[in-house]
Amino acid sequence: MKNVSFLFLSLLFLVSCGGEKKPVKQEVQTGITRLVLSQSQMAHIKIDSIRKQSLAEQLTAVGEVSFAEDNVVRIFPIVSGTVEKIFVSLGDYVQKGQPLATLLSMDMSQIQRDYNIAKSNYSVEEKNLARAQELFKAGMMSEKEFASARKDYNNAQSELNERTQILKLYGGSASDLDAIYNVVAPRSGYIVERSITEGTQIRNDNNTSIFTISDLKTVWVWANIHESDLSKVAEGDEVQVTTIAYPDKIFKGNLKKIGTTLDPSSRVIKVRTELNNNEGLLKPEMFASIVVTSRHRLTINAVPQTAVVLENNRYYVMREASHGQFEKVIVTIGKGFGSYYELSSGLKVGDRIVSDGSLFVLTAYNRL
């Protein structure tokens with residue numbers, strides 16, 4: 001397209017080696033001037049016409065990429081202690097159950113000790129019950145005493161079950177009192193946040209996560225919609241997203257959610273789309289440009305955006321008055337609809353216009 005444009009520009013402003021004539025003007029009546037192009041010059045432009053079209057309104061907004069919160073796991077410390085070892089780095093991919101770090105914890109030591117005490121008590125009560133059964137069968141123990149021995153056994157068993165579940169919940173070792181708490185991955189994904197280093201002192205009442213894991217196969221993109229544009233968007237609308245990192249790549253999705261609260265200072269409301277990110281190109285915190293295409297369509301008099309030229313704060317279109325003859329026309333445009341503008345005034349349906357090369361035709365017209 002650039003080559004065609006430059007070729008056409010040269011045809012308009014230079015006399016070619018082959019003897020190509022410059023564009024000429026023609027006075028058709030007082031006050032009206034037309035630009036006349038030769039047949040060869042006409043070959044380098046495109047002609048379209050004003051026509052009614054049913055088009056979807058588009059809205060452009062800015063936003064940023066974020067984690068898909070449905071696929072994010074934040075790991076908070078459930079014991080106090082000191083970070084002894086860390087096995088993963090930021091950006092590593094981990095499998096569910098994989099060790100992430102170990103903490104040396106007095107809380108863990110107490111949990112292990114309570115488990116071992118409960119285990120020892122259970123062993124004692126198990127032997128006491130076996131001996132009580134023998135004595136009861138031999139008639140050497142009353143039924144009340146036997147019931148008391150069974151009760152003590154049941155209590156010891158319940159206590160052991162409880163301590164076993166707590167130990168299992170905390171991932172502790174039942175074999176020794178190593179006071180080690182193992183931090184493991186609750187799901188597979190990438191380590192996208194890590195707030196600890198070896199030697200870090202942590203508390204179980206801290207509200208800061210020590211690891212954040214996300215698979216990043218799906219990301220959310222939040223966009224800011226001004227209050228005045230809120231009526232133009234609806235859940236389900238088609239969304240196209242571009243980023244600074246990949247300006248030529250378009251990520252497509254649909255509007256999933258429209259916020260329920262308006263920011264009182266900026267007067268914007270956040271809307272969210274969900275994008276497939278299997279290639280891993282989109283990263284949280286990336287800035288994004290979002291184009292929302294409404295599902296509702298409007299019938300308008302449409303003019304191609306490539307046909308419209310802004311000059312001295314006015315919009316112009318080059319109309320073909322007759323074959324090879326062009327006039328400069330002031331137009332009023334409205335909303336943008338993809339590659340078209342809504343035409344409010346200046347031309348009528350059926351008028352033929354320069355749709356490709358309009359800037360150069362207009363420039364040549366101005367030089368007449």
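A residue is called buried when its relative accessible area is under 20%, exposed when that area is over 50%, and partly exposed in between, as judged with a 1.4 Å probe and the protein chains only. This is a predicted model, in which local features need pLDDT of at least 70 and side-chain atom pairs count only at pLDDT 80 or more, while totals for chains, interfaces and linings use all residues. Residues are numbered from 1 along each chain as its sequence is written, and side-chain values use heavy atoms, with hydrogens and water left out.

**Aromatic pairs**

Helices (H or I, at least four residues) and strands (E, at least two) are DSSP runs, numbered from the N terminus. Rings of Phe, Tyr and Trp (for Trp, the six-membered ring) form a pair if their centres lie within 6.5 Å, and a pair is stacked with planes under 30 degrees apart, edge-to-face with planes over 60 degrees apart, and tilted for the rest. By this rule the count comes to five aromatic pairs. One of them joins Phe136 and Phe146, whose ring centres are 4.8 Å apart and whose planes meet at 15°, so the pair is stacked. Because Phe136 belongs to helix H3 and Phe146 to helix H4, the pair ties together parts that are ten residues apart in sequence. Phe146 is buried, with a relative accessible area of 13%, whereas Phe136, at 33%, is partly exposed. The rings of Tyr170 and Tyr181 have centres 6.5 Å apart and planes at 65°, so this pair is edge-to-face. Tyr170 lies in the loop between H4 and E9 and Tyr181 in strand E9, so the pair ties together parts that are eleven residues apart in sequence. Both Tyr170 and Tyr181 are buried.

**The largest pocket**

A 1 Å grid is laid over the protein atoms alone, and a pocket is an open set of points with protein on both sides within 12 Å along at least five of seven lines, whereas a cavity is a set of points where a 1.4 Å probe fits but cannot get out; lining residues have an atom within 4 Å of a point. Grid points are joined across faces, edges and corners, and a volume is the space filled by probe spheres set on the points. The largest pocket has a volume of about 160 Å³. Its lining includes Tyr170 and Tyr181, together with Ile75, Phe76, Val183 and Pro186 among others. Strand E9 (residues 180-184) gives the largest share of this lining, four residues. With Ala, Val, Leu, Ile, Met, Phe, Trp, Tyr, Cys and Pro taken as nonpolar, Asp, Glu, Lys and Arg as charged, and the others, Gly among them, as polar, the lining of the largest pocket has nine nonpolar, two polar and no charged residues.

**Nonpolar cores**

A nonpolar core is a set of buried Ala, Val, Leu, Ile, Met, Phe, Trp, Tyr and Cys residues joined through side-chain atoms within 4.5 Å. The largest nonpolar core has 33 residues, and those with the most contacts inside it are Leu100, Val183 and Phe211. At least two residues of this core come from each of strand E6 (81-86), strand E8 (99-104), helix H3 (106-137), helix H4 (143-169), E9 and strand E12 (211-214). H3 supplies the largest share of this core, seven residues. Apart from this core lies another, of 22 residues, among them Ile225, Val241, Leu281 and Met286.

Contact means heavy atoms within 4.5 Å. Not counting residues up to four places away in sequence, Val183 touches residues including Ile75, Leu100, Ile210 and Phe211. Val83 lies in strand E6 and, at 3% relative accessibility, counts as buried. Leaving aside neighbours within four places in sequence, Val83 is in contact with residues including Thr102, Leu103, Ile196 and Gly199. Ala149 is found in helix H4, counts as buried at 13% relative accessibility, and touches Leu129 and Ala132, with residues up to four places away in sequence not counted.

The table lists C-alpha separations for three residue pairs.

| Pair | Separation along the chain | C-alpha to C-alpha distance |
|---|---|---|
| Asn161 and Lys119 | 42 residues | 9.0 Å |
| Ala149 and Ile290 | 141 residues | 73 Å |
| Val83 and Glu193 | 110 residues | 16 Å |

**Positive phi values**

Most residues other than glycine have a negative phi. Leu216, in the loop between E12 and strand E13 (218-226), has a positive phi near 60° and counts as buried at 13% relative accessibility. Asn312, in the loop between strand E18 (309-311) and strand E19 (314-322), has a positive phi of about 55° and counts as exposed at 70% relative accessibility.
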